[in-house]
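Hi everyone, thanks for coming. Let's have a look at today's structure together.

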Amino acid sequence: MKLALIGATGMVGEVMLKVLQERNFPIDELLLVASEKSVGKEITFKGKTYKVIGLKEAVAARPNIALFSAGGNISLEWAPKFAEVGTTVIDNSSAWRMEPDKKLIVPEINANLLNKDDKIIANPNCSTIQLVMALAPLHKKYKMKRVVVSTYQSVSGTGLKAVQQMENEMAGIKGEMAYPYPIHKNALPHCDVFEDNGYTKEEMKLAREPQKILNDRTFSVTATAVRIPTAGGHSEAVNVQFENDFELSDIRKILHETPGIIVQDNPDTNTYPMPIYAHDKDDVFVGRIRRDETQPNTLNMWIVSDNLRKGAATNAVQIAEYLVNNKLV
Ligand SMILES: NC(=O)c1ccc[n+]([C@@H]2O[C@H](COP(=O)([O-])OP(=O)(O)OC[C@H]3O[C@@H](n4cnc5c(N)ncnc54)[C@H](OP(=O)(O)O)[C@@H]3O)[C@@H](O)[C@H]2O)c1
């Protein structure tokens, strides 16, 4: 197994390395790739030191799998070049997610769609992954009609520059800005760029990606995405209207039995999911499970997950594991 990691020096890249090591992903040869400015930089993985290389060199090495987390433009330009030499690309950017001939995969939900011909596989958006992880088993049982989601997203979702902005602001240092406004002591109703319809691209990812992953256009999702000064994970307040009625005890039971979901829900002990607990964990945490008393068949819940883990690195590595285990690479 020759594995290339594109964006190895970034926030997602760093967590990818951690996850690959933790899960003992089988690697014979590792290629760590970043921009020209990082070429030659040294990174240690499993006690061995690797020198960062450029994209051209990595393509020439014809890796079996390339995990991409270097932004949409790099993916658009370079994923096809890797695919051409036989590499299977697992892409973390939004470049390929909504392309009809590319699969958008959350392994617990739809990895069974993958086959040997899938040379560019898309990893969904971080806030989508944690949302669909909790919605998928409930949709199966009660059939969703409409989802309203409000996100409270970590600065780590924007990358290193944004984490640096928050740290600078906390320390009173003037530095480079990743956002148009301060993020420390603030909340920005603005994740990613605005689209023509007044929604942000992040909000539209939340509206479109779940339909593709669940292969169902009969439900709709509307979203408001907000950046807040946390670093450990994204949180989401989710209101779901189902076609069929439910018992809260059944909802808890279904979520409790879903692999990858941890229910943290006990008002008596102030137990609910929070980014400080989700940080550095692979699971999706669900709590504040309650009936929306203003509408029939409607549920409110609170979903938290580490956006760099299940929202990015872990999901991508799980896809790679599926490919290896099913001899698709
Ligand atoms: N952060 C999240 O929670 C999250 C979640 C899901 C998906 N993603 C996606 O993952 C990608 C990376 O996010 P991030 O948060 O890790 O960003 P980041 O911390 O800014 O890292 C960006 C990485 O891309 C590399 N890169 C930039 N320009 C390059 C070029 N021309 N050629 C090769 N490599 C280049 C950087 O290398 P240098 O160090 O050399 O500049 C760095 O390794 C984005 O597409 C993002 O949308 C992020």
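This is a predicted model: local features need pLDDT of at least 70, side-chain atom pairs count only at pLDDT 80 or more; totals for chains, interfaces and linings use all residues.

Residues are numbered from 1 along each chain as its sequence is written, and side-chain values use heavy atoms, leaving out hydrogens and water.

Okay, the overall picture. The protein chain has ten helices and 14 strands; these are DSSP runs, with helices being H or I of at least four residues and strands E of at least two, numbered from the N terminus. Its C-alpha atoms fill a box of roughly 60 × 50 × 40 Å along the principal axes.

How much of the chain is buried? Of the 329 residues, 53% are, where buried means under 20% relative accessible area, exposed over 50%, and partly exposed in between, using a 1.4 Å probe and protein chains only.

Now contacts, meaning heavy atoms within 4.5 Å. Take those between residues at least 6 apart in sequence: 67% of them join residues at least 24 apart.

Let's zoom in on K205, which sits in helix α7, residues 201-213. Is K205 buried or exposed? With a relative accessible area of 12%, K205 is buried. And who does K205 touch? Skipping neighbours within four places in sequence, K205 is in contact with S94, R97, N125, T128, D192 and P210.
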